[in-house]
Each structure stands twice: as structure tokens, then as C-alpha cells.
Number of protein chains: 2
Amino acid sequence: MSILVLGTVALDSIQTPSGKRTNLLGGSAIHFAMIAKLFTCVSLVSVIGEDFPEDYLYLLRNKNIDLSSLKKEKGSNFKWEVRYEKDLDSAITLKTELGVFSRFIPSISRLQRKIKYVFLANGDPDLQDYLLKKMINPRLICLDSMDYWIKHKRRKLLKLLKNIHVYLANDQEARLLSQEDNLIKAAKTILEFGPQMILIKKAEHGAILFSKGFVFSLPAYPVENVIDPTGAGDAFAGGFMGYLARVDRISPTEVKKAVVYGTIAGSFNIEDFGIERTLNLTLRDFKERLIRFKRIIGF
Amino acid sequence: MSILVLGTVALDSIQTPSGKRTNLLGGSAIHFAMIAKLFTCVSLVSVIGEDFPEDYLYLLRNKNIDLSSLKKEKGSNFKWEVRYEKDLDSAITLKTELGVFSRFIPSISRLQRKIKYVFLANGDPDLQDYLLKKMINPRLICLDSMDYWIKHKRRKLLKLLKNIHVYLANDQEARLLSQEDNLIKAAKTILEFGPQMILIKKAEHGAILFSKGFVFSLPAYPVENVIDPTGAGDAFAGGFMGYLARVDRISPTEVKKAVVYGTIAGSFNIEDFGIERTLNLTLRDFKERLIRFKRIIGF
């Protein structure tokens with residue numbers, strides 16, 4: 001089953017202790033798609049500006065990603081400048097230029113409206129809701145949201161959470177949304193808001209998924225050389241949803257395996273700048289790391 | 001096989017968002033012993049002052065703990081006052097009174113010198129070394145140490161690490177000792193210092209064990225109502241060593257299982273003030289939680 005993703009296609013400028021890169025191909029939709037495309041066909045719903053490099057478009061076309069709903073508009077592309085400090089824990093945004101994304105209104109084809117797996121990457125809940133309303137009977141809707149929207153469009157976000165299946169958050173976002181310090185209490189509170197599951201990504205500390213029926217906790221895959229954390233959460237979502245779309249079954253067993261695939265995806269993503277590590281990944285790479293991971297966590 | 005533990009027997013005064021308690025029975029040796037005694041006989045090597053309540057001594061005697069090397073000295077008992085903030089992340093020490101512990105010189109019996117399992121709880125590396133030299137051919141020596149000793153007796157600690165099997169640390173301590181930010185690099189560096197294994201306890205984020213031959217990572221058991229984190233690390237050590245002493249086999253398989261037992265021990269310890277939760281625990285409680293835990297982490 002294919003996946004439809006709504007998110008940004010960005011030009012990222014990134015500083016980490018390992019170095020500096022300018023105008024890298026990035027954005028939530030891209031980090032997600034680079035992983036999800038390994039499992040199934042991905043339709044990208046986003047917008048690029050006039051200054052978006054042809055090379056990047058060429059690259060995306062060659063990666064078997066459906067770009068029919070990637071609009072090109074007059075104006076400059078979405079741009080993000082970020083710096084990570086020594087511990088790589090938090091992203092310090094130096095600049096965000098929305099560019100053409102500020103007036104983006106997604107439009108998708110009749111065929112795309114029937115796609116069963118939908119990822120609403122972090123963004124304006126109004127935009128997420130707008131796209132969601134276009135979808136015809138989706139089977140799995142996953143939604144990501146960040147502190148900005150939790151603070152500024154809380155009511156809209158809460159309304160949206162009633163209509164989705166999996167809410168993806170990091171631990172701080174889960175705490176902020178639920179107003180609970182304890183992560184388990186936070187997750188329970190958020191489940192009451194409406195989503196069927198909440199998947200909390202804790203970066204180097206792993207991930208924990210809560211549903212009304214079960215809890216699943218997993219450590220991270222240990223990565224020794226973290227180069228750039230940008231997009232790890234979206235790559236995680238790409239592994240999680242990619243796996244589920246491929247097996248096309250949302251049972252507890254498959255959901256748990258999907259969290260494992262998400263974890264592996266995130267671990268690859270952070271091993272190089274931008275999408276440099278994920279760009280040429282294969283499912284074989286996934287399976288090899290999965291075997292190593294099972295040895296690390298099995299007892 | 002029995003275990004010998006060198007550590008503090010303290011009177012703890014604890015403030016957490018859940019409440020306040022004064023002069024609770026605590027200390028590293030106590031938190032450790034409350035768990036380890038479920039698996040095997042524990043010999044306590046420590047000192048108490050004249051003000052140590054008779055009730056507590058009575059309680060310990062009734063818990064089948066060998067107190068023959070628990071000295072009583074003139075002067076006041078080791079006392080610790082601590083406050084935890086809302087997130088329970090870090091202990092803010094309000095007061096430490098070493099009392100009789102400041103001039104404590106452990107002496108143990110000939111029989112105790114032959115005990116094969118030795119836990120050197122956090123303390124002065126000189127004292128840890130002094131006791132270690134008395135032991136005759138121990139099979140498993142685990143050592144805990146905190147930032148104070150890492151900073152002030154670094155050379156002595158590094159020397160000691162060459163002679164022990166498992167170094168127990170939290171993530172900050174591992175980073176401090178190794179001077180590496182990345183936890184995996186930190187662990188590898190510490191392994192080069194000499195211990196056969198390093199077990200990094202990450203509180204709510206689980207634990208990760210590194211040896212020269214394998215890595216084992218485990219999430220925490222999810223605890224919804226954390227009341228008091230005091231002694232969780234020592235309880236973890238109690239579960240870890242207790243299990244290994246009971247099976248008396250230090251293979252990778254058993255070491256991994258021991259980490260699981262340590263994790264469960266820590267999860268019980270934080271559910272109430274001081275040792276209130278662990279005092280009357282049974283191995284049956286452990287096994288029940290272990291079954292639940294396996295459901296949460298299995299896939």
C-alpha cells in the first residue's frame with residue numbers, strides 16, 4: 001500500500017560539531033520519504049520555490065517518489081538554519097524562512113485521495129486538517145506536531161487528534177501537550193484526547209508506544225558517531241509507517257515491529273548530514289542492522 | 001553464593017513532590033541489601049552511630065542480613081538530606097553529615113573474606129581498595145562511584161577499575177570519567193581503563209551494558225508513580241548481583257538476565273519512600289513484574 005506524506009521540502013543549513021553544510025536537501029517530507037520509499041511508493045505533498053535546485057528534483061525523480069503533488073511556486077524555497085551544540089541534544093534554530101510554504105495549499109489527485117496510509121508531518125494543524133479532509137477512508141493516519149503548534153494552536157490540534165490513529169511526539173512534546181511530567185501519565189492523558197496510539201520518540205533513549213491495549217518500549221540502536229540529528233524523527237516515522245504499509249496490517253505484533261523499523265531508520269539518519277546516509281540505503285541494510293539490534297536487546 | 005557489600009547505612013531525610021520523610025533507614029548498603037537478600041545471603045560492611053534507632057537494627061536482623069561486620073561507633077550516624085524537584089531528575093543535596101562514617105575502617109571476618117560476590121557501593125576509592133585487598137579470590141566485584149570521587153580521586157579510581165569486573169555508573173558519571181559525550185564512546189573508553197564490563201544506568205531511560213564481547217541495551221520498566229528515586233541505583237545493583245550470585249555463572253546470557261533483574265529492582269525501589277516498597281518484596285513480586293516487562297519489551 002502506498003503512503004501519502006504532507007510536509008516540508010526544505011533547504012537546510014546545518015552546523016554540528018562535525019562540520020557545516022549549506023542548502024542541503026531536507027525537510028520533514030524528504031527525511032520521511034527517503035526511508036518510506038524502501039518499503040512502498042510514497043506520494044509527496046509539498047511545495048518548492050524557484051530557487052530549489054534542479055539537481056535535487058532530478059535526484060527525487062530517480063528515487064521513485066511520486067512528485068505529482070509537489071508544487072513549484074513563484075518565490076523562494078522553505079529554508080532552515082540550525083546549529084547543534086556539542087551534546088547534539090537540542091536544535092538551535094538560527095533562521096526559518098517559510099518562503100512559498102507560507103501560502104501553500106495542498107491539492108492532490110483523485111487517486112491520491114484514496115491512499116490508505118497518511119503521514120501528516122509537523123506543521124500547521126489547519127493545513128494538516130485541510131489535507132486530511134480530502135482523504136477517502138484512510139486506514140492509518142500518523143501525525144507529528146511540535147511545541148510551536150502545541151502552544152499556539154492547541155485547540156485545533158486537540159480536535160485533530162480525535163481523528164488520527166498515531167500521534168508521534170518526542171518526550172518534551174508529550175509532556176507539553178499533556179501537561180504531565182511523568183511520561184507514562186503524559187501518554188495516558190494524550191490517549192484520552194483521542195488518538196489510538198501515541199509513539200514517543202526519545203532519541204538516544206529509544207521509543208515507547210502506548211495504545212489503549214498495550215505498551216511497547218524499546219531502547220535506541222546504539223550509534224557511536226552521531227553526525228547530524230536533523231530529520232531523525234521523520235525518518236523514524238518513515239520506517240514505522242513504511243513497514244506497516246508494506247505488511248498492510250495494524251495488529252499489536254506488526255505495530256511493535258514497525259517501532260523497531262522506525263528505530264533502525266532513525267539510527268541510520270543521524271549517521272551523516274541531511275539525507276546523505278539514507279539516500280542510498282537498501283532494505284538489506286535495514287535487515288542487517290535489525291539482526292545486530294536483536295542481538296543487542298535480546299536476552 | 002553470598003554477597004558482601006561495603007556501603008553506607010544512613011538516616012535519610014527526603015523531600016519529593018509527593019511528600020517529606022525524616023530519618024528514614026537508607027544508605028547504599030541498605031538499598032542494595034533489601035533487594036540482594038531476596039536472592040542470597042548478604043553480609044553488610046558498614047558503620048552506624050549511637051543515634052541509629054534500635055527499631056532499624058531490629059528490622060535488619062529480621063531480614064536475614066548478616067550484620068556481624070556492621071560496627072557501632074561513638075558519634076552520630078551518617079545522615080543525608082535531599083530534595084528532588086518536580087521532574088525528579090536530580091537530587092539536590094541539602095546536607096551531608098558523615099558522622100561515624102568519616103573514620104570508618106572496615107574489618108571483616110575470615111569467612112567473609114572468602115565471599116565470592118563483592119559490591120563496593122559508592123564511596124572513597126581508598127576505602128573500596130582497602131576492603132578489596134582483604135578479599136580472597138572474589139569471582140565478581142562490582143563497583144559504583146560518583147562525580148565527587150571521579151573528580152577528586154580520579155587516579156586512585158582508575159587504578160581500582162583495573163581490578164574490578166563491573167563498573168556501575170549513570171550516564172553523567174560515565175561521561176565525566178571518560179570525558180566523552182557520546183555514551184558508546186564513553187563506555188568503550190572506560191572499558192580500556194580495565195573493568196570487564198560497564199553497566200550504565202539511565203534511570204527512566206533504561207540501562208546499557210558494555211563488555212569487550214557484547215553490548216546489551218534495555219529500556220526501563222515504565223513506572224507511573226515515581227515517589228522517591230533515592231537508592232534506585234543501589235537497588236539495581238542488588239538485583240543485578242543478587243541474580244548472578246544465585247545462578248553463580250557469569251556468562252553473557254546470565255549477565256543480560258541480571259540487567260533485567262536490576263531494572264525490575266530499580267522500578268520497585270522508586271515506588272515509595274526509602275525502602276518502604278522494597279522492604280517486604282518477594283521473589284514472586286519480581287517474577288510477576290518480569291512477565292509484565294517481557295510483554296512490554298518483546299516483539
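Me: Two residues are in contact if their C-beta atoms, placed from the backbone, lie within 7 Å. How many residues does the contact take from chain B and from chain A?

Reply: This is a predicted model, in which local features need pLDDT of at least 70 and side-chain atom pairs count only at pLDDT 80 or more, while totals for chains, interfaces and linings use all residues. Residues are numbered from 1 along each chain as its sequence is written, and chains are lettered from A and ligands numbered from 1 in the order in which they are written. The contact takes 24 residues from chain B and 24 residues from chain A.

Me: Which element gives the largest share of the side of chain B that touches chain A?

Reply: Helices (H or I, at least four residues) and strands (E, at least two) are DSSP runs, numbered from the N terminus. Those that give two or more residues to this side of chain B are α8, α10, α11 and β14 of chain B. The largest share, 4 residues, comes from β14(B).

Me: How do the residues on the side of chain B that touches chain A divide?

Reply: Ala, Val, Leu, Ile, Met, Phe, Trp, Tyr, Cys and Pro count as nonpolar, Asp, Glu, Lys and Arg as charged, and the others, Gly among them, as polar. On this side of chain B, the division is 11 nonpolar, 4 polar and 9 charged.

Me: Why does B:Ile198 count as buried?

Reply: A residue is buried if 20 or more other C-beta atoms lie within 10 Å of its own, exposed if 12 or fewer, and partly exposed in between, with C-beta atoms placed from the backbone. B:Ile198 is found in strand β12 of chain B. Not counting residues up to four places away in sequence, B:Ile198 touches B:Tyr167 and B:Phe210, among others. B:Ile198 counts as buried because its C-beta neighbours inside 10 Å number 24.

Me: Is α7(A) parallel or oblique to α8(A)?

Reply: Axes are lines fitted to C-alpha atoms, for helices over the stretch in contact, and angles run from 0 to 180 degrees between N-to-C directions. Angles under 35 degrees count as roughly parallel, over 145 as roughly antiparallel, 65 to 115 as roughly perpendicular and the rest as oblique. The axes of α7(A) and α8(A) cross at roughly 60° and come within 9 Å. Therefore α7(A) stands to α8(A) as oblique.

Me: Which residues in α8(A) does α7(A) meet?

Reply: Among the buried residues of α7(A) are A:Ala174 and A:Leu177. From α7(A), A:Asp171, A:Ala174, A:Arg175, A:Leu177 and A:Ser178 meet A:Leu183, A:Ala186, A:Ala187, A:Thr189 and A:Ile190.
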